[in-house]
Amino acid sequence: MVVRNAKAILLLAFFFIYFGLELSFNLLLVDVYSLPLEDLFGDKHHHAARLELFGRMLSGFGLSLAIVSFVPVQKLLFWKKEQASSLPGKQILVVKGLAFLLLWVALVPSLRLFVDGWAHATSSDAKLSAVRAIAYREAYLNDLVEIDRFDEFNAIASDEARRDLVIALLPSLAFSSTGFNALIERNVEAMADTLLSNRQKSQFAKEGLPRLREFDALYQSELRLYMNAQKKRQQALSALNDIDTLEAETAAHVDAIYLYLENSWKRYVTGIDETYDDIKQYASNDSIQDAHRQFKDQYRDECKSQVCKDNVKVRHANWLNELDIPMMYVTPDDILFTLYGTEERVRSILRKGRKNALRYVYHVDEDIEEYEQWLLSPGGSEHARLYLAERGVALAEHWQLQNTSAIFRAVTQKYQSQVDKVWPEYLQGSQFKVQNSTMGQYDFSLLPIVEKKARSIMGRFYLTNFTPGESESAYLQRWLKSQDNISFIRMLSSTAAEAAFSKGGGLYQIGVDAVKLSIVPQTSILLSFIAVFALAIKFIVQLFKGYPKFYAVFLIGVMTIVLVVPTVKSVTDSHSYSAMMANFSEEFHKDDPVSRVKMKLFGVTLDLENGVFTAYRHNPAKQLVAAPLFHFQKNEKGEVVESTAVTSLRYYDDAFNTVFSFLPSHVFGFSERDGFNANVSLIKPDNSIAAYMGIEIAGNEVKSVAIPNFLASTDLGFLAEQAFILNHDPLALTLDYISNYDSPEYWVEIANGRAFRSTLIEKLEAVLPGVIEGNTRLRKLLESQVKKGKANILLYQATAGAKYQCFVMPTLTSTDLANALLSNQVDYEKIEDCWIEI
């Protein structure tokens with residue numbers, strides 16, 4: 001009994017570990033596939049790739065275990081049924097174990113082979129639809145669009161707690177629902193305009209606006225510099241040519257001189273009168289007296305020569321001048337070491353120093369006692385001359401105060417100097433360096449240097465006829481209108497776009513990647529739940545039969561609580577996915593009962609996933625799985641380096657898919673047509689695809705041209721594929737007969753007339769090589785680009801007419817798809833000076 005309980009507990013533990021891993025995988029799947037494409041195909045690319053491998057291994061494990069456990073051993077050893085039925089229990093366990101391992105090892109890469117085959121087998125229209133759906137997903141993720149007449153979906157998508165699941169499975173919904181896909185198709189052009197406009201506005205705000213503001217700041221600075229210099233020069237010229245102004249300014253200077261001299265004399269007299277009181281505090285200062293005694297002792301006791309004594313006086317005078325005594329200039333001759341006491345001597349010296357400083361500052365000679373004497377003295381004139389220099393009037397030395405005519409000449413010279421200096425100073429400080437000094441603001445804005453600087457700073461954001469000072473909003477609108485970019489998403493809205501997604505077409509691979517992105521999440525979730533429920537049923541049956549029934553009931557209870565309760569809660573919610581998809585199917589699949597059933601089942605699946613996701617998205621078990629799963633080692637270059645185990649798994653995975661790559665084409669029934677070595681797409685002015693051609697070039701010869709039926713889903717498209725056109729090539733008919741006379745299918749074609757006729761498509765494909773050969777420019781373009789390995793050519797009809805501008809589109813990868821959808825553009829390479837006339 002104890003052993004049986006232990007086995008039952010081990011079985012439960014095993015199942016719950018597996019169930020926890022599957023649950024964590026589902027949660028991580030939604031987290032990763034709800035990321036923006038920029039992250040999903042960029043920084044998180046390795047996360048998605050490893051999660052996909054982990055999911056296949058996990059679901060493959062569960063499915064293999066469930067299949068092997070349900071299949072009797074006789075079925076596994078079908079070639080030895082009799083021996084198998086009599087095998088002992090241990091051998092049966094070994095057989096089933098080996099069968100499980102073999103099935104698991106085969107199933108893991110087979111799931112990838114199945115998805116890849118499914119993606120390749122989808123029609124070009126389905127690939128185009130998948131790309132449109134992913135474009136819509138990105139627009140929806142960035143809150144740029146809403147789905148018209150689908151308010152329930154918009155409400156769920158705006159709910160932060162539930163939108164991740166919607167975003168992750170939106171491409172799957174579009175892939176599964178013809179109605180939803182048609183809804184997206186109707187809105188692609190509007191979405192293209194929105195994405196392109198928003199992307200370009202964002203790009204302008206990020207790159208163009210700073211450049212526009214940089215130029216505007218430079219222009220405004222240069223304009224102010226120019227206008228200020230112009231104003232200053234004009235004022236100087238006006239004054240220079242106005243005698244009255246010159247004489248008035250001369251008179252003002254004269255009046256200012258005498259007022260200044262009068263005030264200066266007053267300050268001089270006051271300073272002389274206050275000398276005794278100001279000096280008293282310094283004369284009684286002990287430090288100054290002690291220093292004076294030291295100099296006196298040196299002078300009297302240490303100096304034996306007159307030179308030494310003179311040196312002591314000089315040093316003493318310098319020491320006093322360096323003290324913080326205002327208005328003080330002591331000369332060596334002012335120093336006394338005889339007569340009086342120390343304080344009296346110091347006072348006498350400092351008084352003389354104060355008077356020396358006052359006379360020096362005010363240019364007053366020692367013998368002058370009266371103001372009138374000073375005015376007539378050279379010192380008075382010099383004091384006035386220095387004052388005029390401060391006022392900007394330069395006079396010659398030895399100028400006399402009474403010489404007012406010299407002041408007039410100096411004023412005139414001042415303005416002449418201003419006229420002469422203003423423009424050289426402006427040119428030195430200006431980047432524009434405008435020589436003409438008489439322009440207004442409008443003429444200034446039209447200068448060639450303005451356009452040159454604008455082009456240099458603004459680069460590709462510069463517009464012809466740009467006017468400095470134009471508002472940012474007006475400039476943005478003009479710039480947006482000027483953009484003739486080839487809109488990647490708008491290209492997807494044309495009837496011919498489907499052709500580019502056909503086998504060998506320029507967009508075929510990204511179409512395959514888009515389909516994978518649409519089917520991987522839903523397939524992974526579906527397989528995950530199938531594996532979980534299959535194993536749950538097997539374990540419940542096993543526990544019910546061979547162990548105490550408590551364990552089976554316990555497992556049923558846990559599964560009910562973990563899965564059924566959240567699902568019921570999600571289904572009964574007023575905004576349930578089931579109700580949403582039911583309403584949608586009633587609105588958009590009125591005449592399609594099969595699609596209505598599919599949509600309702602899809603809604604139930606969404607509710608199941610949503611119940612799990614909402615209840616357990618923050619479960620610690622998810623983080624325990626994510627931590628090792630998303631742990632990447634990097635080399636010195638910062639590149640991800642996979643572990644040996646993961647690398648080995650990928651080698652096996654790739655090898656299996658290489659060996660069995662032929663299977664999908666047989667299973668799904670699609671043909672592996674060889675790719676063209678050149679593709680040409682004609683793009684209309686509205687950025688939609690006008691025509692598409694796959695071309696085979698061999699050297700200088702156009703071997704063949706294939707064009708898809710752009711109108712395949714229309715009556716005209718049906719007629720284009722009917723064999724109505726008589727084949728007038730007897731030689732070709734003869735060779736065809738010789739090659740196929742023993743073929744029953746050929747005689748059937750003869751019987752119904754098909755053998756002697758061709759379709760409109762075939763006729764056009766037969767004529768087109770000659771047409772291309774006759775177009776020398778187009779043929780040479782194809783030859784040169786094929787040699788370069790860049791033969792995915794876009795011919796863009798920039799304006800109405802027969803001339804097309806040449807672009808080369810790179811081979812697009814998943815990352816390029818993400819960038820193209822985010823920017824609504826592909827980095828097309830413009831071929832300079834290349835115009836093709838068709």
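Analyst: In this predicted model, 45% of the 838 residues of the chain count as buried. The chain holds 36 helices and 10 strands, and 70% of the contacts with a separation of 6 or more come from residues 24 or more positions apart.

User: Why is Ala 236 called buried?

Analyst: Ala 236, which is found in helix α10 (residues 178–240), has a relative accessibility of 0%. Buried means under 20% relative accessible area, and Ala 236 therefore counts as buried. Leaving aside residues up to four places away in sequence, Ala 236 touches Tyr 415, Gln 418 and Val 419.

User: Why are α11 and α17 called oblique to each other?

Analyst: Helix α11 (residues 243–273) packs with helix α17 (residues 378–390) at an angle of about 120°, and their axes are 10 Å apart. Angles of 65 to 115 degrees count as roughly perpendicular and those over 145 as roughly antiparallel, while the rest, once those under 35 are also set aside, are oblique; α11 and α17 are therefore oblique to each other. The crossing in which α11 passes α17 is right-handed.

User: Which residues of α11 and α17 meet, and how does their contact divide by class?

Analyst: From α11, His 253, Ala 256, Ile 257, Tyr 260, Leu 261 and Ser 264 meet Gly 380, His 383, Ala 384, Tyr 387 and Leu 388 of α17. By class, the contact of α11 with α17 has seven nonpolar and four polar residues, and no charged ones.

User: What makes α26 and α27 roughly antiparallel?

Analyst: Helix α26 (residues 577–588) and helix α27 (residues 593–616) pack at an angle of about 160°, their axes being 7 Å apart. Angles over 145 degrees count as roughly antiparallel, and α26 and α27 are therefore described in that way. Here too the crossing is given a hand, α26 passing α27 in a right-handed sense. On the side of α26 the contact is made by Tyr 577, Ser 578, Met 580, Met 581, Ala 582, Ser 585 and Glu 586, and on the side of α27 by Arg 596, Met 599, Lys 600, Gly 603, Val 604, Leu 606, Asp 607 and Asn 610. These residues divide into seven nonpolar, four polar and four charged.

User: Why does Ala 357 count as buried, and what does Ala 357 touch?

Analyst: Ala 357 lies in helix α15 and has a relative accessible area of 6%, which is under 20%, so Ala 357 is buried. Beyond residues up to four places away in sequence, Ala 357 touches Met 327, Met 328 and Tyr 329. The C-alpha atoms of Ala 357 and Met 327, 30 residues apart along the chain, are separated by 5.5 Å.

User: How do you know that β3 is mostly covered, and with what does β3 pair?

Analyst: Six of the six residues of strand β3 (residues 678–683) are buried. Ala 678, Val 680 and Leu 682 point one way and Asn 679, Ser 681 and Ile 683 the other way, all of them buried. β3 pairs with strand β8 (residues 792–796) in the parallel sense over five bridges; Leu 682 has Leu 795 as its bridge partner in β8, and Val 680 has Ile 793.

Methods:
Residues are numbered from 1 along each chain as its sequence is written. This is a predicted model: local features need pLDDT of at least 70, side-chain atom pairs count only at pLDDT 80 or more; totals for chains, interfaces and linings use all residues. Side-chain values use heavy atoms; hydrogens and water are left out. Axes are lines fitted to C-alpha atoms, for helices over the stretch in contact, and angles run from 0 to 180 degrees between N-to-C directions. Helices (H or I, at least four residues) and strands (E, at least two) are DSSP runs, numbered from the N terminus. A crossing is left-handed if the near helix is turned anticlockwise from the far one by less than a right angle, and right-handed if clockwise. Contact means heavy atoms within 4.5 Å. Ala, Val, Leu, Ile, Met, Phe, Trp, Tyr, Cys and Pro count as nonpolar, Asp, Glu, Lys and Arg as charged, and the others, Gly among them, as polar. Buried means under 20% relative accessible area, exposed over 50%, partly exposed in between (1.4 Å probe, protein chains only). Two strands pair if DSSP finds at least two bridges between them.
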